[in-house]
Amino acid sequence: MAAESAIKMKGTHLQRVAALKETRPYSPCRAACPVNTDVQAYVGLIAQGRYNEAFEVIRSVNPVASVCSLICHHPCERACRRCSIDEPLAVRPLKRFALEQASEYRRDRRALVEKTRDRSIGIIGSGPAGLTAANDLADLGYKVTVYDRHPALGGMLVSAIPAYRLPREALKEDIDDVIAKGVEVKTNCEIGRDISMKELSEKHDAILIAVGLSLSRSLNIPGVEGPGVMLAIPFLEDVAFDRKPDLGKKVLVIGGGNVAMDVARSARRLGVKNVEMVCLEGPDEMPAWKWEVEEATEEDIKIHHRWGPKSVVREGAKVKGLEVVKVLSVFDSERRFSPTFDQNQTTVIGADTIIITIGQMANVSFLKDTQVRIDDRGRVVWDPKTQMTGAKGVFVSGEVVTGPGAAIQAAASGHRSALAIHLYLQGESIEGKLPTYEKEKISDMPADVASKIGREPRMKLRHLPPKVRCESFVQFESGYDEKTALTEAGRCRGCGGGAVVDAKKCMACLTCQRVCPYGAPVVSAWSEIRPEFCQACGLCAPECPGQAISMVSYDVREIRDTMASIVGAVEPKRPDPVIVAFLCMRHMGTSGFSLPDNVRKVPVHCTSRIDIIDILKAFECGADGVAVVRCSTETCKYKGIEDRVSARVDRAKQLIGMLGMEAGRLEIMNSDSGAENPYSGVCAGFSGKIKQMGLRTNK
Amino acid sequence: MIVGSQKSIDEIWDMIKGFKKVLVFGCNTCVAICHAGGEKEAETIATLLRMRAAQEGKDIAVDFSSVMRHCEPEYFEPVMEDLKKYDLILSTACGVGVNFLSDRTGTIPVYPGVNTSFYGAVESPGNFVELCAGCGNCILHLTGGICPIARCSKTLMNGPCGGTNKGKCEISKDVDCAWYLIVERMKKLGTLEKLAEIQPARNWSTSRDGGPRRVSLEHIRAYEEKEAANTDSAGGKK
Amino acid sequence: MKSGSNLEKVILSGQPAVTAELGPPMSADGHEVIKKAKELKGFCDAANITDCQTAVVRISSIAAAVLALREGLEPVMQMTCRDRNRIAIQADLLGAAALGLKNCLCLAGDHQVFSAAGRLKGHPGAKNVYDVDTCQLVGILKKMRDEGLQEGGDKLEVAPKFFIGASWTPMGDPIDIRPMNLLKKVNAGADFIQTQGIYDIELFRAQMAKIVNMGLHERTAILGGIIVPKSAMMLKYMDSSVAGVSVPKALIDRMNKAKEAAGDDKKKARELQEAEGIKLSIELIHQVLETPGIKGVHIQAIEWESAIEGIVKAAGLYPRPAFAE
Ligand SMILES: Cc1cc2nc3c(=O)[nH]c(=O)nc-3n(C[C@H](O)[C@H](O)[C@H](O)COP(=O)(O)OP(=O)(O)OC[C@H]3O[C@@H](n4cnc5c(N)ncnc54)[C@H](O)[C@@H]3O)c2cc1C
Ligand code: SF4
Ligand code: SF4
Ligand code: SF4
């Protein structure tokens with residue numbers, strides 16, 4: 001009775017976990033993610049070889065998942081609690097791995113969404129903001145049309161971000177997901193030129209403006225007008241749409257941000273050997289990501305720091321170089337951007353082409369003479385609480401209003417707008433109902449917990465050698481292979497995926513407090529397990545005599561509940577014994593190693609999560625032998641758990657002994673998880689032993 | 001708390017094998033703490049019984065569930081209907097729970113899955129000790145806080161006897177002599193001279209020897225009875 | 001005179017008292033009791049009839065005591081708290097008095113798990129009683145005798161007149177509680193005390209000095225316990241395993257020497273050790289009797305009652321005083 005209803009209550013693993021997690025502080029990685037991707041969940045699924053489920057976790061909040069898996073600035077990694085141990089988890093590369101593994105599944109699951117609502121929405125702009133909104137609104141059953149002035153969908157992703165970082169096939173996967181839902185697409189269609197806002201408003205019940213920042217800012221310096229001086233976005237668009245610009249022999253990029261890096265590195269790939277950059281900032285002040293600067297330097301791109309552009313030096317019409325003036329300081333005492341110069345110190349940096357990459361701005365000229373108000377600085381007036389402009393039914397999203405940021409931030413904005421539009425069309429109020437993505441998070445790792453955690457280096461990504469990669473726009477970063485990915489996934493401490501107590505069942509017996517190696521539970525009237533201490537080993541849950549503890553991720557009960565389907569039918573005339581092997585999934589996914597057919601794999605987060613009842617359940621389902629295989633003491637992710645696991649195995653042996661079964665049918669074994677296929681040997685050996693012992697029979 | 005230990009599967013099997021639908025019903029308080037009969041143990045027993053049934057080719061459905069306590073009606077009343085779906089309840093509560101539940105399940109038998117041993121303390125994880133025998137007439141103030149009734153094998157009131165051997169009781173090297181402990185404790189407390197007084201033969205009527213016992217709190221009972229009198233049979237106030 | 005028993009008379013006379021021990025058989029064989037009584041008669045002032053010692057079922061002490069009495073040997077009926085509650089105990093006491101028994105030694109009794117130290121099956125699963133303890137039992141006897149009242153308060157038309165004894169383990173641990181332990185028994189009404197076997201005479205004398213200091217030797221007659229050793233093995237066992245008994249190494253060495261003197265001859269080894277044991281006992285009897293505060297000796301030759309005659313004679317304690325009826 002109780003067991004059944006408990007299962008019913010729980011739903012699928014993902015549903016149950018998701019609901020439970022909402023009631024608890026987020027892992028810092030998740031809290032840091034602009035769309036609150038449940039990193040801990042999908043990394044854990046990767047570690048178990050459950051790649052399709054990992055994909056589901058990612059895709060459920062992120063329609064530009066493939067894009068992010070390649071180019072996200074990954075704030076999650078900076079927030080990772082592993083930082084206080086060694087290095088952050090490689091979250092982005094793991095996402096890439098999961099998406100690559102799940103690609104077939106992903107294509108198969110694409111399907112048209114039935115249009116259940118007779119309202120239509122026009123979305124201007126197909127960048128991450130527009131795409132995300134389209135995705136969500138299509139899911140809700142609306143008719144959605146996306147308009148973009150470019151020949152392809154994706155906004156900056158397709159028109160600016162160079163392919164060596166973001167291959168278009170990856171972007172296509174994201175876009176195809178959305179299109180497949182039945183979203184209508186109008187490319188090469190610029191609002192204000194091809195269609196007017198007025199027409200659009202007549203056609204649609206609501207409009208979303210997600211036009212991003214499509215104009216590059218220029219410099220107001222002598223000589224800037226004329227050939228040989230380019231702006232970043234048009235340049236990148238040329239590159240993106242294969243309109244090879246003529247750059248001469250030497251290119252100088254003005255700017256120190258990430259776009260400048262893309263510009264410079266694209267120029268290198270267009271065959272220009274001599275690419276230099278000049279920026280106001282010193283090496284430590286540059287807005288570009290450190291890794292971008294390092295990679296650019298590897299590609300022989302020289303950066304002139306702390307010089308400000310003064311004039312473009314021309315010989316006739318032809319650009320000769322850029323006159324620059326020494327920067328004294330970039331920021332004022334309040335760290336506001338306010339450069340000062342030493343006008344006496346100038347020099348000229350020679351160049352055939354100069355590309356100005358100092359920022360973007362929105363082009364909202366098409367909104368002139370509409371009800372959407374534009375302020376005197378050319379910005380759309382909007383209400384962040386409703387995502388709506390001054391015009392009824394006209395919403396905004398993405399960088400056009402939030403200013404420059406990352407793709408995933410635009411996507412978050414897209415989610416908000418989609419919900420706002422939905423509420424608007426339902427005639428509901430919007431304020432207070434849009435997600436904020438600001439969540440309470442688990443605090444830093446307490447020092448004494450950190451001291452109990454072993455150091456494990458982050459898995460490195462391989463890059464093409466600079467010489468090779470500068471020859472084309474081929475993607476320069478390779479993804480993880482399975483072994484590396486699983487190793488990396490194993491580094492995650494599972495923050496927030498750990499133990500939770502059902503206070504209604506807890507009788508304050510203190511067992512968990514005594515058992516926990518990390519001092520997480522504090523028992524008074526009932527046990528409270530402090531998430532910042534909990535390492536999600538799961539040692540406590542099977543010890544709790546009241547079964548009051550569940551694990552947020554991969555609850556121990558799931559092992560039991562799925563055992564029958566894992567073991568499957570046990571033929572009375574089987575040639576080989578049926579072995580159930582509980583395998584610590586540390587370093588190993590399920591497909592990362594192969595086992596003989598007669599061995600049924602039960603990957604567990606750690607053998608500390610195996611309950612005596614799980615072992616009995618395996619026998620109940622017909623196993624002839626049960627193996628508990630764990631990594632060696634040295635490689636175990638959690639310190640000091642093996643004795644308890646052994647004690648449980650010993651108790652289970654006693655119990656099966658009561659049923660007249662040989663103790664040898666159950667064994668705990670170690671295997672060096674560093675080995676290629678670590679568990680196959682021990683499992684095969686054990687299987688042989690059980691075969692000799694004979695198969696189990698019932699009357 | 002009450003301490004018990006699980007009965008062997010053989011013994012339980014002999015009790016249940018004639019039934020068709022059995023519920024192993026755990027109690028999540030005392031017997032859970034001593035790892036004998038909480039929900040976890042109930043599930044363990046249920047699993048073992050199903051396996052045993054399969055081994056013997058018997059068609060018996062065995063489920064498990066639990067409530068916080070079997071010794072107060074409010075706890076199991078909500079699941080009473082579920083309990084009635086079974087033709088045997090194997091309670092892993094202490095004997096109190098088994099009695100209490102049997103009084104309320106009508107024609108459905110309630111059998112014990114646990115041997116109830118004593119009430120005691122958790123000396124250390126997995127170690128449960130008897131420290132009080134519930135004699136109904138406490139004398140701990142005379143014996144340095146150590147109960148000779150529970151902890152002296154002969155329940156001596158004027159111990160120790162001649163059987164004390166190196167601080168251990170004559171019954172076993174593993175059993176502390178309660179009187180040895182009492183003397184040492186009272187030395188420490190500076191109250192040893194109290195022991196010179198002869199403790200007279202006890203009045204055991206407050207103990208089990210006086211027949212089944214009951215404690216009634218007058219003030220609570222009086223209220224409850226008044227309430228009952230004021231309430232008509234339909235449950236409304238008169 | 002409290003009871004008029006022979007033992008009481010000897011003690012009152014000021015002469016050193018001698019008691020011995022008679023263990024009833026584990027069967028209904030009354031002749032065994034009679035045989036042992038014959039061996040002891042004349043060589044002690046009274047003989048303790050044990051009450052299922054080591055928690056093994058034997059002829060009851062009350063019945064065996066009556067058999068001994070008929071043989072002309074004065075018994076000291078032992079009464080443990082283990083098997084009877086206060087009702088049964090008092091009923092037995094009334095019966096015993098009616099049958100002419102005059103001495104009673106009160107004991108807690110070996111716990112039922114004892115089962116002759118594991119040598120026999122015994123009844124470790126028996127339910128024990130321990131309704132009252134030794135001290136309380138002594139008090140009950142005294143109340144019956146001196147106040148003519150049952151423990152519960154009902155009047156006794158004819159009170160049982162017992163010479164009341166209690167056991168005492170002078171050197172049991174915690175050793176500093178032992179004098180107080182004796183004090184309680186004396187306060188409760190013990191007329192005489194028989195002690196656990198003494199080998200460590202130094203330690204015993206130190207304990208007795210405290211007793212003398214407390215004046216307890218004036219209020220009760222303390223008979224020092226002598227357990228006649230049969231072999232080196234027995235001495236070692238008593239030293240290591242019998243509560244409250246420690247045997248000095250020198251004594252064990254003496255026994256070992258006697259054993260070794262026989263070489264491989266098992267029979268001779270036994271004889272030599274028995275002889276040495278008797279010799280040793282005689283020495284101990286002297287040492288105990290010389291200890292201030294001591295009024296006599298309680299000689300236990302366990303399952304070896306025939307040895308008593310020789311020991312008593314050799315110790316110069318023969319003949320035993322006789323009193324006109
Ligand atoms: C060079 C470069 C590199 C970047 N690198 C990264 C990175 O590595 N990681 C990261 O996370 N983010 C990066 N970004 C930022 C990221 O691309 C943006 O945050 C994101 O694209 C903004 O999304 P959006 O939907 O608001 O607008 P956009 O992506 O700009 O999309 C707006 C779309 O609207 C279209 N449009 C504009 N006006 C009209 C009109 N009138 N009618 C029809 N269509 C119109 C535009 O053509 C464009 O396709 C980079 C940006 C640039 C420019
Ligand atoms: S260790 Fe894992 S769960 Fe914790 S912050 Fe890092 S990625 Fe997130
Ligand atoms: S082990 Fe379970 S019952 Fe015991 S304190 Fe912890 S949560 Fe509560
Ligand atoms: S034992 Fe493991 S899972 Fe349980 S609270 Fe401690 S760290 Fe968390």
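Is B:Glu43 buried or exposed, and what is its relative accessible area? B:Glu43 is buried, at a relative accessible area of 5%, where buried stands for under 20%, exposed for over 50% and partly exposed for what lies in between (1.4 Å probe, protein chains only).

1. Basis of the note. This is a predicted model, in which local features need pLDDT of at least 70 and side-chain atom pairs count only at pLDDT 80 or more, whereas totals for chains, interfaces and linings use all residues. Residues are numbered from 1 along each chain as its sequence is written, chains are lettered from A and ligands numbered from 1 in the order in which they are written, and side-chain values use heavy atoms, with hydrogens and water left out.

2. Surroundings of B:Glu43. This residue is found in helix α3 (residues 39–55) of chain B, helices being DSSP runs of H or I with at least four residues and strands runs of E with at least two, numbered from the N terminus. Leaving aside residues up to four places away in sequence, B:Glu43 touches A:Gln547, A:Arg557, A:Arg560, A:Ile613 and B:Phe64, a contact being heavy atoms within 4.5 Å. The side chains of B:Glu43 and A:Gln547 are joined by a polar contact of 3.1 Å; the term covers a pair of N or O atoms within 3.5 Å, where within protein one must be able to donate a hydrogen and the other to accept it, and where residues adjacent in sequence count only if both atoms are side-chain atoms.

3. Chain A against chain B. Chain A brings 33 residues to this contact and chain B brings 30 residues. The area buried between them is about 2800 Å², with carbon and sulfur atoms giving 59%; buried area is the accessible area (1.4 Å probe) that two parts lose on being put together, summed over both. Across this interface the rule finds five salt bridges, each a side-chain nitrogen of Lys or Arg within 4 Å of a carboxyl oxygen of Asp or Glu, and 11 residue pairs in polar contact, both at pLDDT 80 or more. On the side of chain A that touches chain B, at least two residues each come from α1 (2–10), α22 (511–515), α23 (556–567), α24 (612–620) and α25 (642–658) of chain A, and α24(A) supplies the largest share, six residues. That side divides into 17 nonpolar, four polar and 12 charged residues, with Ala, Val, Leu, Ile, Met, Phe, Trp, Tyr, Cys and Pro counted as nonpolar, Asp, Glu, Lys and Arg as charged, and the others, Gly among them, as polar.

4. Chain C against chain B. Here 33 residues of chain C are in contact with 32 residues of chain B, and the buried area is about 2500 Å², of which carbon and sulfur atoms give 55%. C:Gln136, C:Asp173 and C:Lys184 supply 21% of the area that chain C buries against chain B, more than any other three residues. The count between these chains is one salt bridge, and 21 residue pairs are in polar contact, both at pLDDT 80 or more. The side of chain C that touches chain B takes two or more residues from each of α5 (134–147), α6 (178–188) and α9 (232–241) of chain C, the largest share, seven residues, being that of α6(C). By class, this side has 13 nonpolar, 10 polar and 10 charged residues.

5. Salt bridges within chain A. Over all chains, a search of the whole structure finds 91 salt bridges. In one of them the side chains of A:Arg106 and A:Asp174 meet at 2.6 Å, N to O; A:Arg106 lies in helix α9 (residues 103–109) and A:Asp174 in helix α12 (residues 168–179) of chain A, so the pair ties together parts that are 68 residues apart in sequence. Both A:Arg106 and A:Asp174 are buried. A:Lys143 also forms a salt bridge with A:Asp118, with 3.1 Å between the closest N and O atoms; in that pair A:Lys143 is partly exposed at 37% relative accessibility, whereas A:Asp118 is exposed at 62%.

6. Overall form of chain A. The secondary structure of chain A comes to 26 helices and 27 strands, and 57% of its 699 residues count as buried. Its C-alpha trace spans about 100 × 55 × 50 Å along the principal axes.
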